[in-house]
Amino acid sequence: MIAAVVISMRRPALFVYGTLRAGAAAHGLMAGAQFIAWTRIPSRLGLRSAGSCPTAWSPGRHVLVGECYRVSPLTLRRLDRFEQAPRL
């Protein structure tokens, strides 16, 4: 699952957790992305199934731990297709 925070329209920052994290099954889709930092979303979230992938919901009991990357618009479109956005 991904959550984008736009810092620059040309190279937005992207928070990823799950299969897009380094060493995970779909991390190859992050090719060309620039690692920024390991981070977490401090608010409490719930994780629910949205078909084939987990989705973060509020309120819940979990703190999401993930990674931040700077990505190109091309990479963001590729990830949107993978995540089936905005069809979820």
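Is Phe15 buried or exposed, and what is its relative accessibility? In this predicted model, Phe15 has a relative accessibility of 6% and counts as buried. Its partner in an aromatic pair is Tyr17, a residue that is likewise buried, at 8% relative accessibility. The two rings are tilted, with 40 degrees between their planes and a distance of 6.2 Å from centre to centre.

The count of aromatic pairs comes to three. Another of them joins Phe35 and Tyr69 in an edge-to-face arrangement, the planes standing at 75 degrees and the centres 5.5 Å apart. Because Phe35 belongs to strand S3 and Tyr69 to strand S4, this pair ties together parts that are 34 residues apart in sequence. Tyr69 is buried, at a relative accessible area of 4%, whereas Phe35 is partly exposed, at 33%. Together with Trp38, Phe35 and Tyr69 make up one aromatic cluster.

Charged side chains were examined next. Side chains of opposite charge can pair when their charged atoms come close. One salt bridge is present in the structure, and it is formed by the side chains of Glu67 and Arg21, with a distance of 3.9 Å from N to O. Glu67 is buried, with a relative accessible area of 3%, while Arg21 counts as partly exposed at 26% relative accessibility.

Conventions. Residues are numbered from 1 along each chain as its sequence is written. This is a predicted model: local features need pLDDT of at least 70, side-chain atom pairs count only at pLDDT 80 or more; totals for chains, interfaces and linings use all residues. Side-chain values use heavy atoms; hydrogens and water are left out. A salt bridge is a side-chain nitrogen of Lys or Arg within 4 Å of a carboxyl oxygen of Asp or Glu. Buried means under 20% relative accessible area, exposed over 50%, partly exposed in between (1.4 Å probe, protein chains only). Rings of Phe, Tyr and Trp (its six-membered ring) pair if their centres lie within 6.5 Å; planes under 30 degrees apart count as stacked, over 60 as edge-to-face and the rest as tilted. Helices (H or I, at least four residues) and strands (E, at least two) are DSSP runs, numbered from the N terminus.
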